[in-house]
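Hi,

Here is the structure I promised to pass on. Have a look at it first, and then read my notes below.

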Amino acid sequence: MKDIIAGLTELRDTGKIPDGLDLDLVIKIVAQYCRKGTPKKSLDVLFDRFWSVYPRKVAKADAKKAFCKISPDEDLLQKMIKALERDKRSSQWVKDNGQFIPYASTWLNGRRWEDEGETVPERRGSFDTDVFFEIALRRSQEKMKNYAGG
């Protein structure tokens, strides 16, 4: 769209305007369209997709307001969703049962999809079930001993 405005402005400046064409009005309309970004109906659909993957479902109206202010297109929404998938695995979002997941409006206003994010190391090695059950058994025995008063 910005290329169109530049081309129309050049036409006006060079005087090569077709008769009867109010070029200033055309430029104004095109510029307004550019500022509006994604049409509202499309924004509603895009927001619904964003909201469906965001893990903390509170303050939806605030989230929608922040989302519409950004007015993302499909490509930006895909970047957001990819970043959300990354953030969902981060230690901050996982610890304490997700207590520290920010409200969606905070995440959006902070443009958190642009963060490099925490790299989550892949799990390596095997899980030693014998050690796990040995620890679990010992802890349960200690609890039973404390419960029994001994």
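Lys95 sits over the face of Phe100, 5.1 Å from the ring centre. Keep in mind that this is a predicted model. Another lysine over a ring is Lys57, which lies over the face of Trp51 at 5.5 Å from the ring centre.

Trp51 also belongs to an aromatic cluster, together with Phe47, Phe50, Tyr54, Phe67, Trp93, Trp107 and Trp113. The count of aromatic pairs comes to nine. In one of them, Phe47 and Phe67 have ring centres 5.4 Å apart and planes at 70°, so this pair is edge-to-face. Phe47 is in helix α3 and Phe67 in helix α4, so the pair ties together parts 20 residues apart in sequence. Phe50 and Tyr54 make a tilted pair, with 5.5 Å from centre to centre and 35° between the planes. Both Phe50 and Tyr54 are buried.

Now for the core. The largest nonpolar core has 23 residues, and Phe50, Tyr54, Phe67, Met80, Trp107, Leu108 and Trp113 have the most contacts inside it. Two or more residues each come from α3 (40-53), α4 (60-70), α5 (74-88) and α7 (104-109). Leaving aside neighbours within four places in sequence, Met80 touches Phe67, Ile70, Pro72, Trp107, Leu108 and Trp113.

Finally, which residues of α4 are buried? They are Ala63, Ala66, Phe67 and Ile70. These cover an arc of only 100° around the axis, which puts them on the same side of α4. On the other side of α4, Ala61, Lys65 and Lys69 are exposed. Just after α4 comes Ser71, with a positive phi of about 55°.

Cheers

Note on methods. Residues numbered from 1 in each chain as written. Predicted model: local features only at pLDDT ≥ 70, side-chain atom pairs only at ≥ 80, totals over all residues. Heavy atoms only, no water. Core = buried A, V, L, I, M, F, W, Y, C linked by side-chain atoms within 4.5 Å. Buried < 20%, exposed > 50% of the residue type's maximum accessible area, 1.4 Å probe, protein only. Helix = DSSP H or I, 4+ residues; strand = E, 2+ residues; numbered from the N terminus. Contact = heavy atoms within 4.5 Å. Arc of directions from axis to C-beta. Phe/Tyr/Trp six-rings, centres within 6.5 Å; stacked < 30°, edge-to-face > 60°. Lys NZ or Arg CZ within 6 Å of the ring centre and 35° of its normal.
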